[in-house]
Amino acid sequence: MRKGAFLRLKEFFLFISPALVTGIVLLYFIYWNMYLSLTDYSPLNPSLSIVGFSTYEKVFKDPDFISSLIRTIIWAGLLVFSGNILGILIASAIFNLGGQRLRNILTAYFIYPLSLSLVTSGIIWRWLFDNDRGINVIFRRIGLPGILWLDGSNAFWSIALVSIWVYSGLGALFYLAMFYNINKEIIESAQVDGAGALRIMMQIVIPNSKQAFIISTIFYTLFTIQMFDLPYSILFINPFTSTMVMYTYIKFAATYFAVAAASAMSIVFISALIVIPYAMYGLKKWIVRA
Amino acid sequence: MRGLTASLTIIIIGILWAIPLYVLIIGSFKNISEVLTTPIFLPSERPDFYTLLKTGSSMTDPLINTIIEVIPAAFISTILGSLSAYAFHRFTSKIKDIILIIIAIATYIPYQSIMVPLAIFIRSLGLYDTVWGVLIAFIILYIPIASLLMTIFMSSVPRDLIHAAEVDGASEFTIFRRVVLPILGPGFTSTVVFLVIQAWNNFFVPLILVRGYEKHVTLKVFSYIGQSGNLYNEMFSAALIASLPPLIIFISMGRYFIRGLLTLGMGGR
């Protein structure tokens with residue numbers, strides 16, 4: 001060893017300090033959030049004394065919060081279910097086409113919605129859902145009744161559909177990455193045995209891609225928990241499409257900071273249930289031990 | 001047969017995927033009378049650039065402000081993130097795992113949940129309603145992501161090369177700059193591209209840190225929803241102009257962006 005252990009430790013902390021400092025700042029923000037949520041703080045009541053869980057009680061008794069919580073859970077279920085199915089479908093189709101270059105172009109194509117801002121996607125779909133100039137024009141022309149996409153409780157399902165359009169390509173990417181990893185000899189020997197493409201996909205390729213399912217599910221759930229831009233740019237604040245982040249934002253904008261903090265802490269808590277196990281699991285894959 | 005089903009699936013889903021982008025582009029070229037009478041699927045008979053030019057000229061300030069926020073945030077985060085990734089690569093200890101877990105949690109916990117402390121913090125720095133406040137917020141949020149991404153990319157750098165440089169008596173910083181960074185090129189590009197697209201498209205951070213609509217393109221695009229009412233050509237023009245930079249980056253450097261996504265999910269393997 002060329003240098004003393006102490007010097008190496010000092011250099012290590014020098015190099016690592018930006019990541020460590022910002023990481024700790026973010027964790028400190030969460031801690032601050034937790035502290036605020038235990039107070040009754042707002043500009044009208046600028047006292048930082050602890051009032052216990054009464055702010056949480058207020059939040060969990062608020063029907064708006066409960067409905068946004070339930071909506072977020074249903075939305076996550078919808079996105080996980082449809083996003084995985086569409087992801088598998090797109091990935092399988094791409095996997096069965098020839099030519100790596102074509103496959104790469106198609107993969108990128110299905111991911112392009114992720115390169116647009118959600119506000120842009122929101123504006124486009126706002127108009128696709130328009131009754132006089134949107135999808136309904138085509139529906140009526142082919143003899144189908146128009147759908148009132150954004151009316152009342154329909155809006156939730158319509159915007160969930162948009163989120164499926166935005167995120168399914170990511171699932172397809174994860175599945176494809178797993179498909180490429182599968183041993184080619186297994187697939188070839190199945191082909192020699194006369195198995196069709198569908199059977200190979202159903203019995204060999206897809207069952208061997210559980211990891212893609214886990215990761216897509218984690219990401220879809222995290223995206224749903226963060227849902228704000230899309231509903232906000234399609235229908236602004238709307239009782240039928242309000243999510244947990246939107247509820248938090250409304251309370252924040254109205255300067256009910258303690259209430260916003262308590263609501264934000266429930267977002268932190270739910271996402272921590274997913275993020276912490278994922279981080280522990282990822283740790284084994286992210287770094288190669290010497 | 002096998003190719004036929006696959007091709008059909010791709011074509012059907014592919015058309016559904018194309019509709020929004022198609023509508024966005026043709027809508028931007030419509031004139032006022034067509035906007036009010038034609039469905040959004042119908043291309044304009046007399047495409048005109050007037051709306052694009054009009055919205056474009058009102059978007060110069062937001063575009064410049066966004067560049068000031070996004071480009072430094074992406075590069076500073078990636079450079080500092082690479083330094084930590086290098087330290088992780090060189091150092092073997094239990095502390096490393098704990099720091100990595102902190103960084104991973106900071107990366108994946110939804111940043112919207114810290115809106116209250118973040119806004120109070122940026123206000124207390126006196127940077128509310130400035131591009132610098134947004135820039136600092138982006139850097140705080142993106143350094144952990146960049147560190148995690150670069151750590152994963154770093155794991156493929158051969159240790160022998162570093163040891164050889166070390167035997168030659170090079171300092172840690174020289175090894176990092178002369179040996180590691182050149183090998184890390186593609187990973188570095190992936191991280192920068194990923195962060196540029198993320199920051200460019202971010203709506204929530206500027207929404208809570210800025211007043212009005214001039215300090216980030218997504219805010220400006222959003223403002224057209226309220227003010228244009230029935231005139232979708234204006235909204236689409238604004239959205240198209242705001243989407244061009246990330247779309248061009250995506251089309252020309254898509255594989256770097258995709259590698260970033262893949263690495264965040266699958267961990268580089």
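## An enclosed helix in chain A

Let's start inside chain A, with helix H5 (residues 118-128): 10 of its 11 residues are buried, so this helix is largely enclosed by the rest of the structure. Buried here means that 20 or more other C-beta atoms lie within 10 Å of the residue's own; 12 or fewer makes a residue exposed, anything in between is partly exposed, and the C-beta atoms are placed from the backbone. Helices (H or I, at least four residues) and strands (E, at least two) are DSSP runs, numbered from the N terminus. The buried residues of H5(A) are A:Leu118, A:Val119, A:Thr120, A:Ser121, A:Gly122, A:Ile123, A:Ile124, A:Trp125, A:Arg126 and A:Trp127.

## What you are looking at

This is a predicted model, in which local features need pLDDT of at least 70, side-chain atom pairs count only at pLDDT 80 or more, and totals for chains, interfaces and linings use all residues. Residues are numbered from 1 along each chain as its sequence is written, while chains are lettered from A and ligands numbered from 1 in the order in which they are written.

The model scores ipTM 0.94 and pTM 0.94. For chain A the mean pLDDT (the predictor's confidence in each residue, from 0 to 100) is 91, with 96% of residues at 70 or more. Chain B averages 92, and 99% of its residues score at least 70.

One stretch calls for care: over residues 1-5 of chain A, pLDDT stays under 50, and the model has 2 contacts for them beyond four places in sequence. Where pLDDT is low, the predicted coordinates should not be read in detail.

## The two chains

Chain A has 13 helices and 0 strands. Its C-alpha atoms fill a box of roughly 75 × 75 × 30 Å along the principal axes. The radius of gyration of chain A is 24 Å, whereas a compact globule of 290 residues would come near 19 Å; the radius is taken over C-alpha atoms, and the globule rule is 2.2 Å times the number of residues to the power 0.38. Of the 290 residues in chain A, 47% are buried. Residues 24 or more positions apart make up 70% of the chain A contacts with a separation of 6 or more, a contact being two residues whose C-beta atoms, placed from the backbone, lie within 7 Å.

Chain B has 12 helices and 0 strands, and its C-alpha trace spans about 75 × 65 × 30 Å along its principal axes. Buried residues are 52% of its 269. Among chain B contacts between residues at least 6 apart in sequence, 75% join residues at least 24 apart.

## Where the chains meet

Across the interface, 84 residues of chain A are in contact with 78 residues of chain B. On the chain A side, helix H1 (residues 5-37) gives the most, with 18 residues. By class, that side has 64 nonpolar, 15 polar and 5 charged residues. Ala, Val, Leu, Ile, Met, Phe, Trp, Tyr, Cys and Pro count as nonpolar, Asp, Glu, Lys and Arg as charged, and the others, Gly among them, as polar.

Helix H7 (residues 154-181) of chain A and helix H12 (residues 232-266) of chain B pack with their axes 10 Å apart, at an angle of about 70°. That makes H7(A) roughly perpendicular to H12(B). Axes are lines fitted to C-alpha atoms, for helices over the stretch in contact, and angles run from 0 to 180 degrees between N-to-C directions. Angles under 35 degrees count as roughly parallel, over 145 as roughly antiparallel, 65 to 115 as roughly perpendicular and the rest as oblique. From H7(A), A:Leu170, A:Leu173, A:Phe174 and A:Ala177 meet B:Ile258, B:Leu261, B:Leu262, B:Gly265 and B:Met266 of H12(B). These residues divide into 8 nonpolar, 1 polar and no charged.

## Another partner of H12(B)

Within chain B, the axes of helix H11 (residues 217-228) and H12(B) come within 9 Å and cross at roughly 175°, making H11(B) roughly antiparallel to H12(B). Residues of H11(B) in this contact include B:Val217, B:Lys220 and B:Tyr224, and those of H12(B) include B:Glu234, B:Met235 and B:Ala238. By class, the contact has 8 nonpolar, 2 polar and 2 charged residues.

## An exposed leucine

A:Leu48 is in the loop between H1 and helix H2 (54-61) of chain A. It counts as exposed because it has 12 C-beta neighbours inside 10 Å. Beyond its neighbours within four places in sequence, A:Leu48 is in contact with A:Thr39 and A:Tyr41.
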